[in-house]
Amino acid sequence: MTLGAFISQLLQVAIALALAPLLVGWVNQCRAWLQNKSAPSLFMPYRTIRKLFMKDAVVAENASPMFRLSPYVVFGAMCCAAAIVPSLATDLPFASAADAIALVGLFALARMFIALAAMDIGTAFGSLGARREMFIGFLAEPALLMVLFTASLISGSTSLPTIVEALARREFAIYPSLAFAGVAFTMVSLAENARIPVDNPATHLELTMIHEAMVLEYSARHLALIEWASALKLFNYSCIGIAIFFPFGIAQGGDWAGVLGAAPALIAKLAIGGFGLALIETLSAKMRIFRAPEFLGTAFLLAVLAMLVNLLLGT
Amino acid sequence: MSGVPFYAQIINLMAALLLLLAFAMLAQRRVLSLIDLFALQGLALAISTAVVAWGTHQPHLYGSTALTLLLKVIVLPWILHRLIRRLDVRWDVEGLINIPITMLIGIVLVVFSFNLAVPISQLASTVTRSTLGIAMACVMLSFLMMITRRKAIPQVIGFLSMENGLFFAATSATYGMPMVVELGIALDVLVGMLILGVFFFQIREQFDSLDLKHLEKLKEHQ
Amino acid sequence: MIELVGVLAIPVIGAVVLAVLGARSHAPAVNVVASGLTFVAAMALTVRVIAEGPILVLDRQFFVDPFNVFLVALTAFVGFTTAIFSRPYMRIEEERGKLTRPKLRLYHSMYQLFLFTMLLALLTNNMGILWVAMEAATLTTVLLVSLYRTPASLEAAWKYFILCGVGIAQALFGTILLYFAAERVLGAGGGALLWTELNAVKAQLEPTVLSLAFVFLLVGYGTKTGLVPLHNWLPDAHAEGPTPVSAVLSGLLLNVALYAVVRSKVLVEGAVHTSFARELMMGFGLLSVVIAAFLLSRQKDLKRLFAYSSIEHMGIVTFAFGMGGPIANFAGLLHMTVHSLTKSAIFYAVGHATQKTETQLIEGIRGLVTRSPMMGWGLMLGTLAILGLPPFGVFASEFLILITAMREQPWATPFLLTALGVAFAAVVSRVQPMVFGETTAKRLPHRPAMIPVYAHLAIVLMLGLWIPPYLADWYRQAARLIG
């Protein structure tokens, strides 16, 4: 493990931690701008997290140790994921610990812990949120796996850095399979990150919540960690999407000077991606929960199609 | 990937689009959108044929393109739209099985067709031979659409879309059938549509609805 | 050359004339005349081909050999006699108020157009045009099946259209595969779909592709032949359409569809040197015979009864062609002929019988012989003929098929015998009370057409006792061609 690699790995995790809340703030700004409203400041999420850290945690009497443990596990899983996904460079020492399939496993771990914590207290909304989250996750995971498989088929390996290097080195051509996979991935990200059209992140109606309902019982540092973890999840998904579908600018191999150039490229791509997300949210309406299977079924279908088309046409 | 000429990439893209449209038709709920999707499918087919004609220097395929364009993008959707307007049909399409399961069955059929097509594509000498699997998949998906629909018009659109898939199979495996045969097929399709139009009116007159459950009364042992 | 043009052109001209004049009262007569002229032209063509051997005309697009020429003659003949039958039948229907003049106009012009598509399918050398003609045949008759506009007839017509349409789409795919295999040997262009060319190079065609093509072609054209399990449209279409349409469907369409299957089988057998095609045909044929025979015992409607009988007989012919060899092929061709003639004769009698008693249900028809001995005996004799009683022709062909089966495919013989026995019991037990006993029949406003019935039965009787030498020679040549 060279020094350069170690530095780029640390830099990547640090940037992820630092920029994730900014991404959330940016998406909120764009959405407000598109809807002709005025948004809170771009750095509001930082202030929220800081405020939460300074408060005293209040925990229910019947909470088990798992309730207190969950936020840390979730946050840790998201940090691990941030370490693996090649957002700045492909020369990541930690990447050998987990490949694309294990990445999906990390997300599943986080989801499982947060759902268990939600059910831990025994309130109605907690269970409701946990059930719905599992429902969505159950349908979204195969789709995400299929997208990653398509990328793996094209590049010949499931290790994320290898995928990114292979995809970045291709010449420009029309790839129907990647187009389908891209659309599928967008749909899956919308579902997993609790965005419209699957879930409204700004809703205050508990009956329509999916993600928010699970964290109703948390306060102070626990809630801060969970909020940060959600922001990290969005950041990670965006980075996965950028790494697979727009891998230009990511520093290759041992080129650690390129890491410095990769950072502005990443920020630019994330900015555009954030705007795109806000656009999608503005233009769509939230679906009924029972339409979610169709939505995710379509995503799964597109992902499978991408894989099959790739197998058949060789593109 | 290098070495695949540009026009072959366009054809692959069109083929993937055709498959996507076939699935979209399978999942579609509204009749008007079904007709538009069918027209889009015809357009993708025409573009693909035109690109093959240009890339492989086969001028007779331009005739096929014109025929496809005229018949499947303009005339047939127009007839269908007129039918819908005169029959005053506005319902949503009901299916026999729900949509996610239909899509899963569709995926199984796609895998099956791809497998079936591989030995044949290996024998073909055309540039577009790898798209034969997609053509067969489109045919199978249209067939599935016909089986799982309860109303008359979606069944007919499934039938027409099956014909689209067959035409694409012909173009991708053999650079198109002889012109006289294609004209004959086109004539058959057109006349079939006209007869169906008359037929729909008869059905509607008799049953006051185009739901096919009225047409399931005859049994084996009557 | 001129005879061929005549055979094809006269029905088209007839269709156009009847489309204009069909609502007049002499339209049925025009129909008969047109069909008669077609028959004359067909006979002339037959004489030509018998004298000179196979001919290939009009830039190799049309091909006439002993196999299809006798089918052309048969088609034209049955078309002619059905037109004769249709005259009084339709007049009675019109008088009873079931059909109006505009519907009759549609009926007459579509009838001629249907004959045209049948003859085109038989005479063309181009496998693609064969497909077009078969599909056109469905299109021309779909509106005829729904002529009465009852709910049941609409359902029957819809089933007919969709099931045959889907089936024929499979056949189109089979044709595409055939063209694909042919193109590699013969080069692109119209020549690659000509049967004569394909026949010449069939040993060079790719076996895997042809096997796959044959499966699709068998499924596709087999749907139109009425092979089980693709037969669902057949009983409904026969039962709900007007009886002349049932007669031509049973007598003509099934034969031509089977002809298409056999032409494909000849090509495939030459390319694939296993007995794959034959086994498939035998399997489907046997399945049709057995299932149809058992379903016969559940029928309550007279026309459906005889529709299932058609399925059974087409199964027998498919089985015969599947066995192959000179005797089985000869028997198959003979069976196609006599079945066509007998079944149409039965339908003529049935048509008038249903008109006399104003019902199609078996239990509503009783004692035909009392009121009208000609009709009653016609039906009885026709039934006995179709069930394979000697000395009628059906017995001869079934006997030949059975002894070939016993010699070459002994495992199939018990099935065949059981099926034939079951069919016999089922049909006779139903027809016997219909013909004898107390009568429910009424008088008809016009004299029924009994001449076609007895003419057909006479021919079938003759074929059972003595096959004219030129006919036997004809069959033998055709049998050799089928292989």
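Before looking at helix packing, I noted that axes are lines fitted to C-alpha atoms, for helices over the stretch in contact, and that angles run from 0 to 180 degrees between N-to-C directions. I am reading a predicted model, in which local features need pLDDT of at least 70, side-chain atom pairs count only at pLDDT 80 or more, and totals for chains, interfaces and linings use all residues. Residues are numbered from 1 along each chain as its sequence is written, while chains are lettered from A and ligands numbered from 1 in the order in which they are written.

**Entry 1: two helices of chain A**

I looked up helix α5 (residues 124-155) and helix α6 (residues 160-169) of chain A, and found that they pack at an angle of about 60 degrees with their axes 9 Å apart; helices here are DSSP runs (H or I, at least four residues), as strands are (E, at least two), numbered from the N terminus. The contact (C-beta atoms, placed from the backbone, within 7 Å) is made by A151(A), S152(A), I154(A) and S155(A) of α5(A) and by T162(A), I163(A), A166(A) and L167(A) of α6(A). Sorted by class, it has five nonpolar, three polar and no charged residues, where Ala, Val, Leu, Ile, Met, Phe, Trp, Tyr, Cys and Pro count as nonpolar, Asp, Glu, Lys and Arg as charged, and the others, Gly among them, as polar.

**Entry 2: which chains touch**

Of the two pairs of chains in contact, I found that chains B and C share the most contacts, whereas chain A and chain C do not touch, their nearest C-alpha atoms being 19 Å apart. The contact between B and C takes 41 residues from chain C and 39 residues from chain B. On the side of chain C that touches chain B, α6(C) gives the most, with 17 residues, and by class that side has 24 nonpolar, seven polar and 10 charged residues.

**Entry 3: helix α10 of chain C**

I checked the length of helix α10 (residues 243-271) of chain C: at 1.5 Å a residue its 29 residues should span 42 Å, and its end C-alpha atoms are 42 Å apart, which agrees, the expected span being 1.5 Å times one less than the number of residues. I also noted that 27 of its 29 residues are buried, meaning that 20 or more other C-beta atoms lie within 10 Å of a residue's own.

**Entry 4: chain B**

I counted seven helices and zero strands in chain B. Buried residues make up 49% of its 222 residues.

Definitions and conventions: Buried ≥ 20, exposed ≤ 12 C-beta atoms within 10 Å, placed from the backbone.
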